[in-house]
Number of protein chains: 2
Amino acid sequence: MPAKENLRPGGRSARVQASVHNAVRSLLKTMDRADVTIPLIAAEAGVTPSTIYRRWGELQELLADVAVERLRPDMLPIDTGSARGDLEVWTEQYCEEMSSGIGRDMMRDVLAAQDNANACKCDAFTREQIALIAERAHARGEAFPDIDAVMDGVVAPIIYRILFGDQPSIERVRDLVTNVLAATTIRPPQPASALISG
Amino acid sequence: MPAKENLRPGGRSARVQASVHNAVRSLLKTMDRADVTIPLIAAEAGVTPSTIYRRWGELQELLADVAVERLRPDMLPIDTGSARGDLEVWTEQYCEEMSSGIGRDMMRDVLAAQDNANACKCDAFTREQIALIAERAHARGEAFPDIDAVMDGVVAPIIYRILFGDQPSIERVRDLVTNVLAATTIRPPQPASALISG
DNA sequence: GCGCTAAAAGCAAATAATTTGCGTTAATGG
DNA sequence: CCATTAACGCAAATTATTTGCTTTTAGCGC
């Protein structure tokens, strides 16, 4: 039961949540996550441990809660002037963030929690970003694949590799983008050679 | 430190490991995983808790250890007579297993552990199965995609959806197979034996 | 086989984390 | 402003984890 956003979000309750979240972020900066305990977080946050236990249940739910906030995109995808450029730049940045130590840890925290609501949120964040790129592409009159096609063709392979093996190379990431754009049904005003290469 | 396959695999040590693994499997059958604790497992296995603590460190490593064994494929992919049939049948079965409650839990256990060696093993298992299908296809003179193409085009999207959202529909899974086969060019055989050890 | 060495297990005491009952504070709604 | 009750704090009880030391036994050279 991640007591996130229902039931009494006012004053004190919100302050406690913010304080606990800050304590977690602060502790994760200076120490190994294996050494972070609920009593420690409670002391850092200035609350009693039982508050955390009752509200989050276990450490993993709290970590997942904090991680999902950090995974929320804080900026719009960069506008490079073309759909291909937008998607390439966004994808490379996404891959870098997710495959970094911090990104990996946060993903692990989100997936390790009992409750998969946080994982769904992460998926929604990613889809939103891609939808923005798609909207811009359409506004320019460019073709752009379905969001699902991008999720399956670009995001899923990247995440799979990060979780189950090693970080994908930048070349591999570019290939994924190239392939998903090449499979787009409506032909964009781009040279055909750019779509087939790779 | 998952003390799996090094250092003194003989008699008693092996017996203890087997006993503990059995205890975990047995307990997971009858109770919620949130209620499974190390002292409980120790009692069921007839060992002292400190043995488990020293050997696996924490519950998650032990659960990951057990889960990866259960995720090891126990049969060859079904031979349907064609590459498409083989891949379709295998994929549907894989998707069903992984998206079941048990499959999800095991995947979560594997990914939640500090040590990602178990996750790599799961990846290797999957690649091995696909390599077998590929070998058969080539023996028949059929074209078959790269293992990596199948991982990116079929396995990754399925796993991503299971982890971050909902179970993919059977139609979606068939589409993934169709698309990866449509992109296939003829290529040399890839021996499965070269891809995995243990 | 026989003993030597050290890794792994057992035991129990010490420490730390988690749960729980109950009183107190303060957010929400009328 | 008052009533209601969710959420918090506190402390005692329970349970899990760590740790020092002893015992067992696998692995190995003879």
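Is A:Ala143 buried or exposed, and what is its relative accessible area? A:Ala143 is buried, at 11% relative accessible area; buried means under 20%, exposed over 50%, and partly exposed in between, with a 1.4 Å probe and protein chains only. The model is predicted: local features need pLDDT of at least 70, side-chain atom pairs count only at pLDDT 80 or more, and totals for chains, interfaces and linings use all residues. Residues are numbered from 1 along each chain as its sequence is written, chains are lettered from A and ligands numbered from 1 in the order written, and side-chain values use heavy atoms, without hydrogens and water.

**Chain A fold**
- Chain A has 10 helices and zero strands; helices (H or I, at least four residues) and strands (E, at least two) are DSSP runs, numbered from the N terminus.
- Buried residues account for 45% of the 198 residues in chain A.
- Of the chain A contacts between residues at least 6 apart in sequence, 66% join residues at least 24 apart; contact means heavy atoms within 4.5 Å.
- A:Ala143 sits in the loop between H7 and H8 of chain A.
- A:Ala143 and A:Thr184 are 41 residues apart in sequence, yet 7.1 Å apart in space, C-alpha to C-alpha.

**Interface of chain A and chain B**
- Chain A and chain B bury about 2500 Å² between them, 53% of it on carbon and sulfur atoms; buried area is the accessible area (1.4 Å probe) that two parts lose on being put together, summed over both.
- A:Asp152, A:Tyr160 and A:Phe164 supply 29% of the area that chain A buries against chain B, more than any other three residues.
- The contact draws 29 residues from chain A and 29 residues from chain B.
- Six salt bridges link chain A and chain B; each is a side-chain nitrogen of Lys or Arg within 4 Å of a carboxyl oxygen of Asp or Glu.
- In the salt bridge of B:Arg172 with A:Asp152, the closest N and O atoms are 2.1 Å apart.
- H8(A) gives the most to the side of chain A that touches chain B, with 11 residues.

**Surface**
- Chain A exposes about 9800 Å², and carbon and sulfur atoms supply 54% of it; accessible areas come from the Shrake-Rupley method with a 1.4 Å probe, and for residues only the protein chains shown count as cover.
- A:Met75 lies in the loop between helix H4 (59–71) and helix H5 (83–99) of chain A.
- A:Met75 counts as partly exposed because its relative accessibility is 40%.
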